[in-house]
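Here is a quick tour of some local features, organised by topic. Have the viewer open while you read.

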Amino acid sequence: MGLDSFPPSSPLALGFDIMSVHIVAFGNEREAFSEENQQPSLIWTYLGRSALISETESSLLLNSASHVGNPVFTEYQARVFGNVRLVVHDCPLWDIFDSDWYTSRNLISGADIIVIKYSVNDKSSFQGIKDIYVPMIKKALNHCSIPVVISAVGARKNEVPCTCPLCTSDRRSCVTTSEGIQLAKDLGATYLELHTLNDFYIGKYFGGVLEYFMIQCLNQKTSEKMKRRKKPHKCHGVKPPHLEQPEKMPILKGEASHYDSDLHNLLFCCQCVDVIFCSEDLRNVGEAHKIILCSVSHVFMLLFNVKSPADIQDSSVIRTAQTLFAVNNEAVFPVSSRGSPCNPPVRVIVKDSFFCSCLSDILHFIYSGAFQWELLEEEIKKKLKDSGEVEQVLEKVKCILKTPGRVNNSKDCRIYQTKRPLQICNTSLRLFFNTPVLADVLFKIQGATVPAHRAVLVARCEVMAAMFNGNYIEANSVLVPVYGVSKDTFLSFLEYLYTDSCCPASILQAMSLLICAEMYQVSRLQHICELYIITQLQSMPTRELASTSLSVVGLLRKAKFHNSDCLSTWLLHFIATNYLIFSQKPEFQDLSVEERNFIEMHRWPSNMYLKQLADYRNYIHSQKCHCTVM
C-alpha cells in the first residue's frame, strides 16, 4: 500500500504531520509451554513486514522493541503513511490489569485501536480473557467507539476431537471458532483467525484490517480538527447582552412558639381563676382553671361534670376522682375580678395530705405541659423525705394523667413524655375549641355567637388579658361583641389561640387573619400569615400570576396599613422581580411615587438590559444573519 493509493481527502494527502495513531495490544498469542525465542510475535512480525513502514524505520523499531520502558509492556514507535506517527504498546501479560489498573486504564483511554491476541491451543488463557479481562476492558472503554480486533493465532492440534466416550484425549484444549466469534460479538469487535504468521495472514489479512481502522481513525481526527477551525458564529459585530440574575428576595424569619410558656404564666397571673384547692381544714393551697385541668386529665373532667362515669368506663379513673378530691358545693364565694361573672370559683378539697402539700409543684407540672416528670420527682423528694410517701404521691399523679382503659407505669410515663413533650395541652384544648363546655364568654359576631374560655384567651393574647382584667366593660360581661372581622376569620384566630396552629384556605383569608392578629397584637400569628402569603405567591406559575384577579398591590396596601413591614418590603421586591407582568396591570398605577421609584430601581430585567437587547435584535436584523442566541 503506497501513498498514491490514498484519496485526496485522506489524512496523508492533507499532510498533517502532527497526526498520530496509538495501538494497544493485549494478550499472548504464543502457545503454552512454548519457548518464546522459537515462536514469533504477532505485533513484532506485522511491524517488521508492513509495507507502510519504510526500511529506514526498521532499526528504530528494533531499538524501541529492545527497550522496555515498563516491565509489563513493550513500546514500538514508527511512522506510517510517510508522516503519521505510530505508537504501539504490546502487553503480552494480562497481569497489568491486576497489578496496575491505573496504567492499563490510561493505555485503553489513549488508544485509537485495541488488539486482543490469544492462542487457539491455550483454552485456560482464553477463559481468563473472557471471564475476567474483557469485562474490565468494557468498563475502561465506557461506551467509547474504539475499534477492537480479536486475533486467534495458531493451528488447532485437536481440530477434530475424538467422539469416543472412553477416549482420554482432551477435546477441550482448543478454542473453537464459535467461541472466538461469540467473544467478538460480546465486545463488538472484529474477529480474525491467523493459522500461521506468514506474509498472507500478516500483510493481507491482519494488516489490511488494522490499516483500514488506522485510516478511519485519521479521517475522524482530521474532521474534528477542521470543525474546530471553523468560525463559531457568522455575526461578530455585536455580542448578545448578558442577563443578570434578579436580586435575592428578603428573608422573612418566623417567630418561635411560646405556647407552653403562655399557659404556664397563666398559673402565676391568677386571672380568670375558677378553681380553688383547699386542704381538709379549708385552707387555700392553690388556684387553677377548669379548662387547663380538664385538658390533661379525665379525673378533673369527672370532678367538674364535663364527663360522666358512663363516659369514662374506667374504674381506676373514677376511683381516683372520688378518693382524692371532693367538691364543696355548700361554700359560696363572692365574684372577684380574678374569676368570671358566670362561673364563680369552685372549692375543691384535697383529701390526701401528702398530695396536698405537693399541690403547687403538681400544678406547675400540669401547666407546663405535663412533660417535666424528672423535675416533678425532684421537687416532691425535697418536700417529702420518706421514699414511700414520694412514691405514693407520684402514683396519684400518674393516675390523674392516666388515659382511660390504659395501664400507666412509671417507665411508660417517662417514655410518653419524652416522645411527646408539650403536646398534652394544645392537642387536648382543641376538644374545647368552639364548644359551650366550660365556656364563660360568648363572642357576638355577624349575628352569631361563638363560645370561648377566658383563661385560654387571657393566657394567649395580651389584648384579651387587658380586656378581661376588670378595667373594661367586657370584664363583667358574658356577651362580648366583635367588630371589624368576619366570623370565619375570628374562628381561625381563636383556633390558633387554642392549638398554636392555623391553616388559611387562601391568600385573602390569610391577609384577613393577619389583620385580625394585628388587631389583637398576636405577633407570631402575623408571621405565620406572612409566611403563608409569601409561599403561595412564590409557588404561583408565571402564567397564573399574569392572569390572576388577585391584586398584589392591594395586598401591599393592606400590609403597610396594618404595620406588616416585612411583608410589605417583600411584596415590593416581588413586584420588581416580576416587573414585566405587574407593569401591564391597571393596579400598577395605584403605586405611590416612592414605591414606584423603589420598583424601578430594583426591577428585573433592568431597563438597560432591555435597551441592549433591542439594539442587538436590530443589529441581527440589519445583518440578515441567523441569531444563535435568540
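Which residue forms a salt bridge with E600? The partner is R603, and the closest N and O atoms of the pair are 3.6 Å apart. Keep in mind throughout that this is a predicted model.

## Salt bridges

Let's stay with that pair for a moment. E600 counts as partly exposed, because its relative accessibility is 33%. R603, at 11% relative accessibility, counts as buried. There is also a network to look at: salt bridges with shared partners join D262, R460, D500 and R524 into one. The total count for the model comes to 18 salt bridges.

Another of these pairs is E29 with K117, where the closest N and O atoms sit 3.3 Å apart.

K402 and D314 are both buried.

## Cavities

The largest cavity has a volume of about 50 Å³. Rolling a probe the size of a water molecule over the atoms shows where empty space is left.

What lines the largest cavity? The residues are C272, D274, H289, K290, I291, L438, D440, H453, R454 and A455. Sorted by class, that lining has 4 nonpolar, 2 polar and 4 charged residues. Helices α10 (290–296) and α20 (454–460) each supply at least two of the lining residues.

Next, a few backbone angles to check. W604 and P605 are joined by a cis peptide bond, with omega about 0°. P605 is found in the loop between α29 (593–602) and α30 (607–623).

Two residues have positive phi without being glycine. Q521 has a phi of about 60°, and its place is the loop between α23 (507–519) and α24 (523–538). N563 has a phi near 60° and belongs to the loop between α26 (552–561) and α27 (565–577). Are these two buried or exposed? Q521 is exposed, because its relative accessible area is 52%; N563 is exposed as well, with a relative accessible area of 54%.

## A surface patch and a buried valine

On the surface, L442, V478 and L479 form a nonpolar patch, and together they have about 210 Å² of accessible area. V478 lies in the loop between α21 (462–467) and β13 (479–481). With 34% relative accessibility, V478 counts as partly exposed.

For a contrasting valine, look at V397 in helix α17 (residues 387–400). V397 counts as buried, because its relative accessibility is 2%. Its C-alpha atom is separated by 9.9 Å from that of F365, a residue 32 positions away along the chain.

Terms used
Residues are numbered from 1 along each chain as its sequence is written. This is a predicted model: local features need pLDDT of at least 70, side-chain atom pairs count only at pLDDT 80 or more; totals for chains, interfaces and linings use all residues. Side-chain values use heavy atoms; hydrogens and water are left out. Patches are made of residues with over 30% relative accessible area and no salt bridge: like charges are joined within 9 Å, nonpolar side chains (Val, Leu, Ile, Met, Phe, Trp, Tyr) within 5 Å. Accessible areas come from the Shrake-Rupley method with a 1.4 Å probe; for residues, only the protein chains shown count as cover. A salt bridge is a side-chain nitrogen of Lys or Arg within 4 Å of a carboxyl oxygen of Asp or Glu. Helices (H or I, at least four residues) and strands (E, at least two) are DSSP runs, numbered from the N terminus. Buried means under 20% relative accessible area, exposed over 50%, partly exposed in between (1.4 Å probe, protein chains only). On a 1 Å grid over the protein atoms alone, a cavity is a set of points where a 1.4 Å probe fits but cannot get out, and a pocket is an open set with protein on both sides within 12 Å along at least five of seven lines; lining residues have an atom within 4 Å of a point. Grid points are joined across faces, edges and corners, and a volume is the space filled by probe spheres set on the points. Ala, Val, Leu, Ile, Met, Phe, Trp, Tyr, Cys and Pro count as nonpolar, Asp, Glu, Lys and Arg as charged, and the others, Gly among them, as polar.
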